[in-house]
Every structure is written in structure tokens, then in C-alpha cells.
Amino acid sequence: MRDGQLILSTGDRAHPLVIPWAFDLPVNVEIGWRACGGYELRAMYVDTRPVQTPLGDGVAGIDIGEARIAAVYDGQGVHLHSGRLIRARNHYANKHQAKLDARIARKKNGRPPGQRSSKRLRRLQRARRTLRDRIKRQNRDQLRKQARQVVSTLHESRVQTIAVGDLGDIRNRIDYGLRANQKLHAWMFGQFLTELKAQGRKFGLKVIVIDEAFTSQTCPWTGQRRKPRGRHFVSPCGQHRMDRDGVGAVNIRAKYLEIQAGRGTAYGRTPSLPWTPVLVGMAPTTWGQRFRPQVSHAQSKRGAVYKTARIPGL
């Protein structure tokens with residue numbers, strides 16, 4: 001940066017990219033293509049904002065899932081956050097990696113022992129590493145954005161404590177076959193929990209991990225257990241119907257409150273909800289713009305224009 005201009009290298013010392021700049025020197029700069037068309041420059045700075053304080057003393061429950069990365073219940077309504085974008089990326093990566101693995105295997109099988117690998121084999125191996133690293137970076141960025149969206153929304157709802165179900169040993173407990181196990185082992189619940197804790201510290205919220213056994217099978221209204229079929233849970237009395245991830249979030253919150261009150265053994269045998277929580281709906285998937293806070297833009301798709309809200313303070 002020199003004389004109010006940001007000088008970016010293009011690989012040619014004689015022709016750098018010079019941009020008028022009225023701000024401080026950023027830590028990192030990148031130029032990308034916007035979804036609505038046109039290039040944009042994104043600058044990243046060190047976050048020097050002080051840790052925020054909770055606005056209230058509320059409690060929220062979060063049920064982490066695979067198709068829905070988080071179902072959040074704050075005592076008023078259930079918010080669902082989709083995880084299908086991450087699932088689609090993993091499916092794409094597994095599909096293309098299988099093709100690359102097959103081509104790499106053919107090259108290795110045709111090479112005599114002791115002979116140096118060919119350039120084509122090294123290119124295939126490099127393409128496989130590049131693919132996995134790119135998908136990993138995209139998924140990590142998506143998890144951070146969704147965790148920020150969850151925590152910032154709960155902070156505005158005057159929540160102080162977030163109770164999250166423990167999924168630490170789920171991969172050792174269940175076996176649903178090859179296809180389902182592939183999704184299970186690509187499930188990034190641990191990284192999402194880490195992002196929740198990191199974002200919670202920025203807003204002054206506590207993230208507590210508790211046992212989530214049978215929380216998606218226990219009826220919040222009668223306390224009876226019933227294994228759901230499909231995406232919806234129907235109470236044994238037949239009077240209540242709710243998304244099964246929402247039921248898990250409601251019961252995780254109720255379980256934490258009963259543990260805090262010293263009545264943890266009463267969970268699952270006494271009604272914890274006299275009403276049906278409001279299903280607020282599916283939160284929009286967060287896209288793009290890592291460094292600019294609270295920006296809205298229009299995305300054009302097949303002639304229609306959609307308004308996509310940006311999450312604050314990325």
C-alpha cells in the first residue's frame with residue numbers, strides 16, 4: 001500500500017494491479033466473481049471487536065444432524081438449518097475421487113516395480129489432493145457461516161446458554177450399510193460443534209454438551225418413546241406432529257433444564273411441553289462474501305430474483 005493506493009501483485013512486476021484505497025492495510029485480499037454478476041474485491045482484517053455480553057438468560061437446545069446441520073429451539077420456535085449443501089459437496093467429491101482412484105489404479109498396475117511414476121500418474125494424484133482440499137475448505141467455510149448464523153440469531157433472542165447433544169461415539173454405535181455409512185463418516189458434526197463454541201465465545205454464550213440419548217424418540221408432550229418414521233415425529237396420542245430434528249432440539253433443551261433443576265431422572269416420564277412449538281421454517285443457506293458483514297444482494301436464477309441475507313460479522 002502506497003500513497004492511498006493498494007498495489008496487488010499480478011506476477012508481472014511492471015504491471016501490478018493498483019486500486020484506490022481509503023482504508024487501512026488489510027491482512028488478506030482476494031478478487032472473486034459475484035453470484036449476481038461482476039467482480040468484487042474482498043478484504044480481510046483482524047477482528048478487534050470486544051467480546052459481546054448476553055442480552056438475557058435464556059436457554060436453547062440444538063440437535064445436530066446430517067441432512068439438517070442444526071435444529072434450534074429457543075423456547076419459542078424451532079429453526080432448521082439445512083446441511084444438504086455440504087452433503088452435496090461430499091457426494092460430488094466421493095464420486096469424482098472414485099473415478100480418479102480407478103485411473104490411478106490402472107496406472108499403478110501397469111508400472112513395473114522400481115520404475116519411476118509417469119507424469120500422468122502424478123497429475124492424477126495431484127488432482128485428487130486438490131479436489132479433497134478444495135471440498136474441505138468449502139465445507140469448513142460453510143460450517144463457520146452457519147454456526148455464526150445460529151449463534152448470532154440466538155444472541156438476538158436473549159439466549160445465554162446453548163445445550164447441544166453429544167455425538168462423540170455415534171460412528172461406533174450404528175451401522176446402516178455402505179451407502180449410509182459413507183454419509184455418516186463424512187458427517188462433520190465435530191467441526192460444527194467446534195465452530196459453535198468458537199462463535200459462542202465471541203457473543204459471550206456458553207455451549208454445553210449433554211447426552212442426547214432418545215431425545216429424537218421421546219414425545220415432548222406425553223414423555224413416551226416412539227421411533228419416528230421419515231422426517232416427522234407423531235406423538236403416541238396422535239394429536240401432535242413435528243419434525244423429528246425439532247423434537248430432538250426441544251428434548252435436549254428440556255433435558256438440560258431438568259438437569260439444572262436437579263430432576264434429571266424425570267426426563268422422558270413427565271410431559272415437558274404443554275403446547276406445540278412453532279416451526280419457524282428452514283433458514284436460508286448462507287453463501288459467499290466471507291469478509292463483508294450484513295450485506296444483501298439479489299441472485300438471479302432462471303429469470304427469478306431471490307434476496308439472500310448475509311450473516312453478520314464474518
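Colleague: Which exposed residues does helix 5 carry on the face turned away from its buried side?

Modeller: Thr-194 and Arg-201 are the exposed residues on that face of helix 5. Before we go on, this is a predicted model, where local features need pLDDT of at least 70, side-chain atom pairs count only at pLDDT 80 or more, and totals for chains, interfaces and linings use all residues. Residues are numbered from 1 along each chain as its sequence is written, and side-chain values use heavy atoms, with hydrogens and water left out.

Colleague: OK, and which residues of helix 5 are buried?

Modeller: Phe-189, Phe-192, Leu-193, Glu-195, Leu-196, Gln-199, Gly-200 and Phe-203. Buried means under 20% relative accessible area, exposed is over 50%, and partly exposed is in between, using a 1.4 Å probe and protein chains only.

Colleague: Where do those buried residues sit when you look down the axis of helix 5?

Modeller: They fall within an arc of 160°, so they line one face of helix 5. The arc is taken from the directions from the helix axis to the C-beta atoms.

Colleague: What span should helix 5 have?

Modeller: Helix 5 covers residues 189-203, and at 1.5 Å a residue its 15 residues should span 21 Å. Its end C-alpha atoms are 21 Å apart, which agrees. The expected span is 1.5 Å times one less than the number of residues.

Colleague: What about helix 2, how far apart are its end C-alpha atoms?

Modeller: They are 55 Å apart, which agrees with the 56 Å that the 38 residues of helix 2 (residues 119-156) should span at 1.5 Å a residue. His-155 lies in helix 2.

Colleague: Is His-155 buried or exposed?

Modeller: His-155 counts as buried, at 6% relative accessibility. Leaving out residues up to four places away in sequence, His-155 touches Gln-52, Thr-53, Pro-54, Leu-55, Phe-203 and Leu-205. A contact means heavy atoms within 4.5 Å. His-155 and Gln-52 are 103 residues apart along the chain, and their C-alpha atoms are separated by 9.4 Å.

Colleague: Switching topic: how many aromatic pairs are there?

Modeller: The structure holds 2. Trp-21 and Phe-23 have ring centres 5.3 Å apart and planes at 75°, so that pair is edge-to-face. Trp-33 and Tyr-39 are edge-to-face too, at 4.9 Å centre to centre and 85° between the planes. Rings of Phe, Tyr and Trp (its six-membered ring) pair if their centres lie within 6.5 Å; planes under 30 degrees apart are stacked, over 60 edge-to-face, and the rest tilted.

Colleague: Last one: where is Ser-235?

Modeller: Ser-235 is in the loop between strand 10 (232-234) and strand 11 (241-243). Ser-235 is buried, with a relative accessible area of 0%. Apart from neighbours within four places in sequence, Ser-235 is in contact with Cys-219, Trp-221, Arg-226 and His-240.

Notes
Helices (H or I, at least four residues) and strands (E, at least two) are DSSP runs, numbered from the N terminus.
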